[in-house]
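Good morning, and thank you for coming.

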Amino acid sequence: LLTSLQLVNYASGLSAFTYQDANLRIVFLQENLSQHEQMILLSHELGHILCGHLNRAATTGPGSGILEEQEANDFSARLMRYNETCRPRRTATFIALCLAVLVLVVLGVLRLNVLLRPVDTDSPVNAIETFHVLPENSIEVMGFGSSHMWLGVDSMTMYQNYGIGFYNYGCNWQEINTTLLFLKDALRTQSPRVVVIDTFNVNTWKADMNMDGEIYYTTAIPWMRDKLTYLRQSFGPYNKERWLSYFMPLAAFHENWVNLSAQSFKTPAESGDDYFRTMGYSPADFVTPVELPDQTLLEQQPLRDEALLILDEIVGLCREKNIRIVFCTIPWQGTNVYAQALKDLAEYYGCEYVNLYDHLEEMGLEEAADFSDTGHLNSSGAAKTADFLGSYLKEHFDLTDFRLQPDNLWERTQNR
């Protein structure tokens with residue numbers, strides 16, 4: 001370019017100059033200058049241009065008058081001072097914009113986590129959150145376990161018929177190590193005299209697996225060391241993707257994009273379930289006829305060593321806190337192949353075991369009317385189960401009759 005403009009010799013002794021003709025205006029700088037030197041020289045040349053010095057000559061540099069150079073220098077000094085004054089503001093503005101973008105990204109990710117969560121865990125999450133706002137040490141008897149407990153024992157029937165201060169802290173699925181986590185969580189704020197533990201998943205546990213709904217709903221349980229232990233057991237050896245999916249559900253449930261529904265845009269608390277009024281119990285009003293198998297014909301099986309270790313921890317924890325345990329098998333259209341093992345376990349530990357399959361006639365449980373599906377009792381069946389268990393608990397343990405206490409927790413929940 002310098003050659004075509006016949007400026008090679010002219011430029012050889014200059015650090016910077018400006019060339020102008022009828023079609024263009026170009027500022028030339030030496031390549032070996034520092035950034036600061038470039039800024040000074042550029043501002044100087046800009047001063048020549050804005051002050052109109054090129055109106056009298058095609059180039060700046062040798063030949064420019066002393067006054068012109070002084071004007072350009074003065075312009076450059078003022079511009080550099082202004083630049084130094086504005087730099088902190090520009091830096092602050094840049095940082096603020098970066099933070100704003102970061103906040104928007106975080107909010108977007110959080111919103112995606114809500115939208116893509118497994119909505120079938122909304123009710124369990126709501127139930128867990130409800131439990132955590134109960135007054136401390138207000139519950140005398142607690143139920144734990146799978147959906148067989150959660151849908152199968154009506155807390156208010158137990159209170160109304162026997163005055164028992166019962167709270168149902170069961171949840172969907174819930175294998176035995178999840179039940180242990182729920183027990184540990186409950187004992188941080190409650191001091192029950194008796195716990196009733198459902199045995200449906202007594203011989204299975206979460207171990208070395210990817211995220212699923214059961215693990216996900218434990219996000220509603222406040223952090224504690226036992227929760228970390230549970231997650232390590234559930235996820236197995238350190239796996240970044242599994243841990244990431246626990247804190248960012250979109251990593252595990254991204255396929256839910258195709259399953260978005262109106263519920264996806266609501267919070268778990270908006271699921272419509274009122275677990276205060278039911279004291280944790282999840283009622284089901286469907287009716288599905290079932291056929292209960294003859295349990296006496298089943299070949300009994302032993303409990304595995306891993307299950308026995310978890311059960312031993314449950315018993316040890318309850319003994320430490322002087323809590324009595326009742327293991328309970330709730331009927332469904334399936335088999336109970338661990339009845340003898342559970343009976344032996346209860347005898348060994350000095351606990352109680354109630355196999356409700358042995359009391360169907362006494363309970364008045366009807367195959368045609370008391371089940372919501374093949375796996376669960378409906379509201380009618382849950383009331384009959386609660387009535388039978390309430391009678392059993394009242395007979396075997398010294399429990400408070402909360403009906404005699406005005407404005408007790410169970411009465412208050414009905415007046416909400």
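I shall speak about aromatic pairs, a helix and its cover, salt bridges, and finally the surface.

Please keep in mind that this is a predicted model.

Let me begin with the aromatic rings. The count comes to 18 aromatic pairs. Where do Phe144 and Tyr169 lie? Phe144 belongs to strand β3, residues 141–144, while Tyr169 sits in the loop between β4 and α7, so the pair ties together parts that are 25 residues apart in sequence. Phe144 has 1% relative accessibility and is therefore buried. Tyr169, with a relative accessible area of 1%, is buried as well.

The ring of Tyr169 also pairs with that of Phe182: here the centres are 4.9 Å apart and the planes are at 50 degrees, so the pair is tilted. Phe182 is in helix α7, and its pairing with the loop residue Tyr169 ties together parts that are 13 residues apart in sequence. The relative accessibility of Phe182 is 0%, so Phe182 counts as buried. These rings belong to a cluster linked by ring pairs, made up of Phe131, Phe144, Tyr167, Tyr169, Trp173, Phe182 and Tyr217.

Phe131 brings us to helix α4, residues 122–131. How many of the ten residues of α4 are buried? Eight are, and the helix is thus mostly covered. Among the buried residues are Asp122, Asn126, Thr130 and Phe131. Their cover includes β3, α5, β4 and α7.

Of these elements, helix α5 spans residues 147–150 and contains Ser147. Ser147 is buried, at 10% relative accessibility. Setting aside neighbours within four places in sequence, Ser147 is in contact with Gly152, Cys171, Asn172, Trp173 and His376. Trp173 is one of the residues in the ring cluster I described.

I turn now to the salt bridges, of which the count comes to 14. Lys206 forms one with Glu175, and the closest N and O atoms are 3.7 Å apart. This pair links distant parts of the chain, 31 residues apart: Lys206 is in the loop between β5 and α8, and Glu175 is in the loop between β4 and α7.

A second bridge joins Arg242 to Asp208, with the closest N and O atoms 2.7 Å apart. Arg242 is buried, at 13% relative accessibility, whereas Asp208 is partly exposed, at 47%.

Lastly, the surface. A nonpolar patch there is formed by Phe94, Ile95, Leu99, Leu102, Val103, Leu104, Val106, Leu107 and Leu110, with about 880 Å² of accessible area together. Leu99, for one, is found in helix α3, residues 66–116.

One further ring deserves mention: Lys227 lies over the face of Trp223, at 4.5 Å from the ring centre.

Thank you for your attention.

How values were computed:
Residues are numbered from 1 along each chain as its sequence is written. This is a predicted model: local features need pLDDT of at least 70, side-chain atom pairs count only at pLDDT 80 or more; totals for chains, interfaces and linings use all residues. Side-chain values use heavy atoms; hydrogens and water are left out. Rings of Phe, Tyr and Trp (its six-membered ring) pair if their centres lie within 6.5 Å; planes under 30 degrees apart count as stacked, over 60 as edge-to-face and the rest as tilted. Helices (H or I, at least four residues) and strands (E, at least two) are DSSP runs, numbered from the N terminus. Buried means under 20% relative accessible area, exposed over 50%, partly exposed in between (1.4 Å probe, protein chains only). A charge sits over a ring if NZ of Lys or CZ of Arg is within 6 Å of the ring centre and within 35 degrees of the ring normal. Patches are made of residues with over 30% relative accessible area and no salt bridge: like charges are joined within 9 Å, nonpolar side chains (Val, Leu, Ile, Met, Phe, Trp, Tyr) within 5 Å. Accessible areas come from the Shrake-Rupley method with a 1.4 Å probe; for residues, only the protein chains shown count as cover. A salt bridge is a side-chain nitrogen of Lys or Arg within 4 Å of a carboxyl oxygen of Asp or Glu. Contact means heavy atoms within 4.5 Å.
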